[in-house]
Each structure stands twice: as structure tokens, then as C-alpha cells.
Amino acid sequence: MTKIEINGVELDALVDTGSSLSYISRKYADKCKLHIKLYYGRISMADSSVSSVIQNCCRVTIKLESHMYENVDVLVMNDLCADFLVGHDLLKKHSSLEIDFDGDKPPLKICSLTIVQISPVSLFTNLTPDYRPITTRSRRQTQEDRQFICAETKRLLEEGIIEPSISPWRAQAFVVGGEVRKPRMVIDYSQTINRFTLLDAYPLPRIEDLISQVSTYSIFSTIDLKSAYHQLPLELSEKQYTAFEAGGKLYQFTRVPFGVTNGVACFQRVIDKIISEENLEGVFPYLDDVTVYGKSQNEHEINLDRFQKAIQKFNLTLNEEKCNFSSRSVKLLGYVVENQTIKPDPDRLRPLMDLSIPT
């Protein structure tokens with residue numbers, strides 16, 4: 001424990017070397033008169049079976065001993081165990097953390113602390129010999145699309161998924177979707193880096209083989225990884241290739257963007273590697289859709305628990321709204337598997353069945 005100061009208010013702070021982020025109690029956020037913003041996310045606790053929804057965050061300036069930390073983003077938690085929790089986002093600004101115990105032996109030095117994360121990946125290892133920077137012309141946007149792109153850009157900046165760029169490359173952002181589908185901001189790399197990127201031949205699982213294997217089991221959970229590509233950090237030297245224009249400014253991705261040639265192969269390779277290295281059983285991934293299965297409820301629970309621990313270990317995030325746990329039937333890649341029987345997914349067939357008879 002130590003003392004910190006925020007807006008002239010002294011708080012008791014817990015230094016937690018196991019926490020990747022810093023937090024403030026909701027009670028003391030109000031006491032310090034901090035401006036609280038909305039935040040959408042879920043964090044995993046030390047007990048891997050427990051998670052907590054975080055709905056707010058704030059930006060603060062912190063005084064700790066003789067050090068000042070300006071414009072630090074911290075999360076707000078209702079039932080925090082201390083007034084403030086100091087995590088790795090502050091601790092990593094220093095070369096080391098020293099704690100005096102007044103013992104008579106010389107200092108004990110251990111290895112540095114770190115958070116397990118996915119290693120940066122490479123998307124553009126194999127480029128054609130004639131590759132060169134391409135700058136595409138700015139697109140005309142409707143007022144509505146401009147506002148949407150600005151909002152998305154702001155969100156991606158706050159989440160650290162993109163950053164300002166000085167790259168010689170420039171793709172264009174635009175909006176897809178509309179009345180039927182939720183609008184999304186996408187980047188058109190077809191005229192820039194995709195022109196010069198050779199295909200990564202890493203294979204996707206064969207759908208027929210996957211369905212046949214899954215159909216031999218009885219209990220299923222389907223797991224969806226949230227914004228899957230954005231969970232993979234990009235090699236520092238390759239960020240420049242992802243540069244794009246949005247709102248009259250130039251940005252580049254720090255994580256794998258959607259729309260690049262080898263994003264699919266790259267993600268499949270990473271998820272396959274995690275499953276292999278962690279020796280997971282009863283887990284079959286198809287990109288960001290992962291099926292966990294078992295012949296019995298007990299076998300399924302064991303496989304699911306090991307998978308969830310591996311995901312937390314590598315700091316990956318699930319889209320819990322799209323996850324389905326412990327079901328006796330599963331919809332997967334256009335099929336329904338139940339009681340060891342494979343059938344076409346009726347939702348996929350409905351547009352065909354509802355077609356009017358030709359005249």
C-alpha cells in the first residue's frame with residue numbers, strides 16, 4: 001500500500017503487480033470530482049471463473065511519491081478493494097519497483113514481471129518485387145458517413161487499435177451497411193498494399209471434416225472472439241502499410257486490420273498455435289468461431305475450463321453476447337449438429353425457400 005494524490009485528494013493505493021490496468025473506486029472518483037465517461041468492457045479477476053463488467057472510465061493526473069503521471073486513463077469499479085489500484089500501465093513506466101523489508105540480507109533480485117500476450121504478427125513478409133507506396137485519392141463522403149467515421153476513428157484511437165501515421169501509404173476509409181445491416185467502417189486496401197501482397201497459403205480447416213468430427217460429440221459450446229483481428233498486435237515495421245485516411249487525417253493500425261490479404265491465414269495460424277501449445281482438447285477453431293465439445297457434460301466442462309484459462313492467459317476477449325454454452329445442439333458453418341446427426345441450417349436455407357416461384 002502507498003499514498004497517491006488526485007485533484008488534491010489523498011487516496012490509499014494498492015500496488016498490484018498482477019493487474020494489467022489501473023482502477024479507481026467509484027466512491028473516490030466522485031470524491032475527486034472526476035469526469036466519468038462511458039466504457040464498454042469486461043475484465044477477468046484473479047479467480048479465472050470470475051469476471052466483472054466495467055461501465056466507466058476517467059482520465060486523471062496522479063501524484064505518487066515524487067512522480068507525476070498526467071492524463072492517465074483508469075477504469076472505474078464499484079467494489080474495488082482499495083481507493084485506487086496501481087497496475088502495470090503505471091508500473092511499466094519505471095525500470096523497477098523497490099520495496100524495503102528492513103532485512104539483514106542483501107537485496108533479492110528476481111526476473112521482471114510481464115503480462116502474457118500474443119506476440120506481434122507479420123502480414124507483409126512476402127511482397128512482390130515491384131511494391132511501392134500508393135496514395136489513393138480522397139473519397140467524397142456524406143455528412144452522416146463522415147460523422148460515423150470520425151466517431152469510429154476516435155474509438156479506435158482510445159482503444160489503441162490505431163495511431164496517427166506519417167506513412168507514405170494511404171488507403172481510404174468508407175462506410176458499409178445501411179438499413180438492413182449495422183453500419184461499419186472499412187478500409188479499402190485493394191488499391192494499396194493488397195496489390196503487392198503474396199497470398200499466405202496457411203490452410204483453413206475443411207468444413208466437411210470439421211462438421212464430421214463435431215458430430216461425434218454430444219455437448220457443445222460455441223465461442224466468439226470479439227473483434228478477433230484487432231486482438232493481434234502488428235509488427236512495428238509493418239504498421240506503415242496499413243495507413244489510411246479518415247476525417248482528413250492519416251492513421252495506421254497497431255493491430256491486424258480487417259480487409260488485408262493475409263488477415264484470415266494469420267489469425268487461423270495464431271489460434272491454432274495457442275491450442276497446440278496449451279495442449280487443449282475438444283477445441284476446434286474456425287477463425288474467430290471456436291467450438292468446444294465433449295462426449296459427456298463432465299468432459300465438456302473440463303475442455304471448456306482449460307480453453308477459457310488459455311484465452312485469459314493470452315489476454316484475449318470474448319464476445320459473450322454471441323457465445324452459447326453447454327448445448328446439445330450447435331449451429332456451425334451452415335449446418336445443425338444434434339444427437340450425432342448433421343442437417344442443413346434452416347436459417348441459411350430460408351432465403352432460398354422463401355423465393356417466389358419464377359414466372
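The side chains of E163 and K239 meet in a salt bridge, 3.9 Å from N to O. A salt bridge here is a side-chain nitrogen of Lys or Arg within 4 Å of a carboxyl oxygen of Asp or Glu. E163 lies in strand β8 (residues 162-164) and K239 in the loop between β11 and β12 (244-246), so the pair ties together parts that are 76 residues apart in sequence. E163 is partly exposed, at 25% relative accessible area, whereas K239 counts as buried at 13%. Buried means under 20% relative accessible area, exposed over 50%, and partly exposed in between, with a 1.4 Å probe and protein chains only. Helices (H or I, at least four residues) and strands (E, at least two) are DSSP runs, numbered from the N terminus.

This is a predicted model: local features need pLDDT of at least 70, side-chain atom pairs count only at pLDDT 80 or more, and totals for chains, interfaces and linings use all residues. Residues are numbered from 1 along each chain as its sequence is written, and side-chain values use heavy atoms, leaving out hydrogens and water.

By the salt-bridge rule, the count comes to 17. Another of these pairs is R59 with D73, at 2.8 Å from N to O. R59 sits in strand β5 (residues 51-64) and D73 in strand β6 (residues 67-77), so this bridge ties together parts 14 residues apart in sequence. R59 is partly exposed, with a relative accessible area of 45%. D73 is partly exposed too, at 36%.

K331 and D347 also meet in a salt bridge, 2.5 Å from N to O. K331 belongs to strand β17 (residues 329-332) and D347 to helix α7; the pair links distant parts of the chain, 16 residues apart. K331 is partly exposed at 47%, and D347 is partly exposed at 37%.

L352 is exposed, with a relative accessible area of 54%. L349, L352, M353 and L355 form a nonpolar patch on the surface, with about 440 Å² of accessible area together. Such patches are made of residues with over 30% relative accessible area and no salt bridge; like charges are joined within 9 Å, and nonpolar side chains (Val, Leu, Ile, Met, Phe, Trp, Tyr) within 5 Å. Accessible areas come from the Shrake-Rupley method with a 1.4 Å probe, and for residues only the protein chains shown count as cover.

Now turn to helix α6 (residues 297-313). At 1.5 Å a residue, its 17 residues should span 24 Å, and its end C-alpha atoms are 24 Å apart, which agrees. The expected span is 1.5 Å times one less than the number of residues. In α6, H300, N303, L304, F307, A310 and I311 are buried. They cover an arc of only 125 degrees around the axis, which puts them on the same side of α6. That arc is taken from the directions from the helix axis to the C-beta atoms. The cover over these buried residues includes β11 (219-224), β14 (283-286), β15 (289-294) and β16 (324-327); contact means heavy atoms within 4.5 Å.

Some backbone angles deserve a look. Just after α6, N315 takes a positive phi of about 60 degrees. S326, in strand β16, has a positive phi of about 50 degrees although it is not a glycine. S326 counts as partly exposed, at 32% relative accessibility. K33 is not a glycine either, yet has a positive phi of about 55 degrees. K33 is placed in the loop between α1 (26-31) and β4 (36-44), and is exposed at 75% relative accessible area.
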